[in-house]
Amino acid sequence: MNHTKEVKVKIFFLKSWCTRRLSPMAWQRILLKLYPEFRDLGYELSKLENPDREMSFGNKEFKLFLTTVLEMYKTDFLKDIEEMRGRQMTNVVI
């Protein structure tokens with residue numbers, strides 16, 4: 001029995017993060033590298049290039065994204081998000 005919880009990650013958020021944190025062309029480079037896998041999973045390149053705010057990746061697609069970002073940019077997406085949250089919290093004045 002598989003106990004892995006299915007995640008849903010907004011593609012628009014991933015694209016925005018890539019543009020802000022990696023480079024303006026990072027999202028396109030990642031898509032081109034992953035295009036064969038995404039195509040086989042039923043995604044169209046044109047829709048991934050300009051995702052609407054409701055499009056999401058599941059576990060498999062998100063894992064492909066994480067692995068590719070780490071390979072191509074030597075950046076751990078999850079660690080970066082956690083650090084960004086920590087910085088936001090340290091800037092809060094109570």
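Predicted model: local features only at pLDDT ≥ 70, side-chain atom pairs only at ≥ 80, totals over all residues.
The chain has 5 helices and 2 strands. From the N terminus on, these elements run β-α-α-α-β-α-α. The chain holds 94 residues, of which 32% count as buried. Among contacts between residues at least 6 apart in sequence, 67% join residues at least 24 apart.

The largest nonpolar core contains 22 residues. Leu-14, Trp-17, Cys-18, Trp-27, Leu-48, Phe-57 and Phe-65 touch the most other members of this core. Helices α1, α2 (26-40), α4 (59-73) and α5 (77-90) each supply at least two of its residues. The largest share, 6 residues, comes from α2.

Neighbours within four places in sequence are left aside here. Phe-57 is then in contact with Val-7, Lys-8, Val-9, Ile-11 and Leu-14, among others. Its contacts also include Trp-27, Phe-38, Tyr-43, Leu-48 and Phe-62.

Gly-58 lies in the loop between β2 (56-57) and α4. Gly-58 is buried, with a relative accessible area of 5%; the cut-off for buried is under 20%. Leaving aside neighbours within four places in sequence, Gly-58 is in contact with Glu-6 and Val-7. Gly-58 and Glu-6 are 52 residues apart along the chain, yet their C-alpha atoms are separated by 6.4 Å.

Helix α1 covers residues 11-22. At 1.5 Å a residue, its 12 residues should span 16 Å. The end C-alpha atoms are 16 Å apart, which agrees. The buried residues of α1 are Ile-11, Leu-14, Lys-15, Trp-17, Cys-18 and Leu-22. These residues cover an arc of only 160° around the axis, so they sit on the same side of α1.

One of the buried residues of α1 is a lysine, Lys-15. Side chains of opposite charge can pair when their charged atoms come close. Lys-15, although buried, has no salt bridge. The nearest side chain of opposite charge, Glu-49, is 8.2 Å away, whereas a salt bridge requires a nitrogen within 4 Å of a carboxyl oxygen. Not counting residues up to four places away in sequence, Lys-15 touches Trp-27, Glu-49, Asn-50 and Pro-51.

Helix α4 has 15 residues. From its first C-alpha to its last, α4 reaches 21 Å, close to the 21 Å expected at 1.5 Å a residue. Its buried residues are Glu-61, Phe-62, Phe-65, Thr-68 and Val-69. Seen down the helix axis, these fall within an arc of 130°, so they line one face of α4. The face turned away from this buried side carries the exposed residues Lys-60 and Lys-63. Just after α4, Lys-74 takes a positive phi of about 50°.

The structure holds 4 salt bridges. Three of them are described here.

Glu-54 forms a salt bridge with Lys-10, the closest N and O atoms being 3.3 Å apart. This pair links distant parts of the chain, 44 residues apart. Glu-54 is in the loop between α3 (45-49) and β2, while Lys-10 is in strand β1 (residues 9-10). Glu-54 is exposed, with a relative accessible area of 61%. Lys-10 is partly exposed, with a relative accessible area of 35%.

Arg-21 forms a salt bridge with Asp-80, and here the closest N and O atoms are 2.6 Å apart. The pair joins helix α1, which holds Arg-21, to helix α5, which holds Asp-80. Arg-21 counts as partly exposed at 38% relative accessibility. Asp-80 is buried, with a relative accessible area of 10%.

Lys-33 forms a salt bridge with Glu-71, with 3.9 Å between the closest N and O atoms. Lys-33 belongs to helix α2 and Glu-71 to helix α4, 38 residues apart. Lys-33 is partly exposed, with a relative accessible area of 42%. Glu-71 is also partly exposed, with a relative accessible area of 44%.

Terms used: Residues numbered from 1 in each chain as written. Heavy atoms only, no water. Helix = DSSP H or I, 4+ residues; strand = E, 2+ residues; numbered from the N terminus. Expected span 1.5 Å × (residues − 1). Buried < 20%, exposed > 50% of the residue type's maximum accessible area, 1.4 Å probe, protein only. Arc of directions from axis to C-beta. Core = buried A, V, L, I, M, F, W, Y, C linked by side-chain atoms within 4.5 Å. Contact = heavy atoms within 4.5 Å. Lys, Arg positive; Asp, Glu negative; His and termini not counted.
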